[in-house]
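This report describes one protein model for a reader who has not seen it before.

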Amino acid sequence: MESSIGNLFASVTSVYNRAISELPTPAAESVEDAAEMKDFFVLGEFFDAMKARERREREEGITWWSYRSGFSEMRPYGFTSDTGWGCMLRCSQMLLSTMLLRHRTSTSLDSLLTLFADVPGKDHPFGIHGMCKAGLGRDKFPGEWFGPREGCYVIQDLVREGKVGKGVEVIVVGEGCIFVDSVIKEMEKEERGGERESEKPPPPPPMMISDEHDPLYNPPPDMEGEKEWEKSLLLLVPLRLGVNGIDGRYRKNIVE
């Protein structure tokens with residue numbers, strides 16, 4: 001087990017989460033030089049071409065997860081590798097670990113990454129074994145490809161089971177439209193007897209093809225008078241924003 005955890009730590013390296021601007025790029029002698037000369041957004045933070053060093057440091061603080069082989073056998077399915085089917089679960093791990101690093105600022109990186117070790121057991125709820133176990137509740141089996149929606153709900157289910165302790169709430173907007181009042185109600189709701197209240201989602205609004213009703217293109221105004229939340233919110237919206245790339249009209253709102 002120690003070897004598996006050690007291999008996990010060794011595999012955590014920097015990830016390049018690049019959103020390339022449309023500004024012209026000066027000539028470069030190599031691909032690496034060209035990358036350094038571009039303007040980038042890294043998780044919403046802007047770095048111009050003159051801040052390559054700062055950008056690299058920011059990128060190196062982001063955990064990276066990818067396919068692995070040789071982990072403990074996933075019984076009774078026999079898998080020791082997630083190559084070819086675990087991509088969405090690895091993306092979900094990156095998303096969740098980034099959120100936890102922001103939320104649990106006093107937690108050491110090694111302690112946090114232990115939760116993601118690809119080892120079966122309650123001490124590693126966010127490893128590939130734990131995430132696949134949660135996927136069974138969504139009718140997804142090890143070896144099957146998880147879509148973005150399933151990945152989001154796996155994160156929600158694990159966090160709501162108390163795998164990261166108190167102080168974090170995950171809400172998945174399954175209909176692709178954010179009901180602000182419903183989110184606020186969920187964040188201000190108190191748990192009763194250790195069990196959550198009914199989570200029946202509100203009915204979706206009538207389908208209307210208009211930018212006016214697009215939550216990213218036309219975000220709702222800030223709401224005043226709500227109570228101060230006592231926990232952090234991870235809001236997941238599994239929504240396609242383009243065909244082969246992000247539609248340009250969404251870029252400004254995403255960055256902001």
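## Overall make-up

The protein has nine helices and six strands; helices (H or I, at least four residues) and strands (E, at least two) are DSSP runs, numbered from the N terminus. This is a predicted model, in which local features need pLDDT of at least 70, side-chain atom pairs count only at pLDDT 80 or more, and totals for chains, interfaces and linings use all residues. Residues are numbered from 1 along each chain as its sequence is written, and side-chain values use heavy atoms, with hydrogens and water left out.

Of the 256 residues in the protein, 34% are buried, meaning under 20% relative accessible area with a 1.4 Å probe, protein chains only. Among contacts (heavy atoms within 4.5 Å) with a separation of 6 or more, 59% are between residues 24 or more positions apart.

Strand 3 (residues 69–74) and strand 4 (residues 79–81) run antiparallel and are joined by two bridges; pairing requires at least two bridges found by DSSP. Met74 has Phe79 of strand 4 as its bridge partner. The two strands form a hairpin with four residues between them, and Gly78 in the turn has a positive phi of about 85°.

## A loop residue

Leu136 lies in the loop between helix 6 (128–135) and helix 7 (148–160). Leu136 counts as partly exposed because its relative accessibility is 36%, and partly exposed covers the range between buried and exposed, the latter being over 50%.
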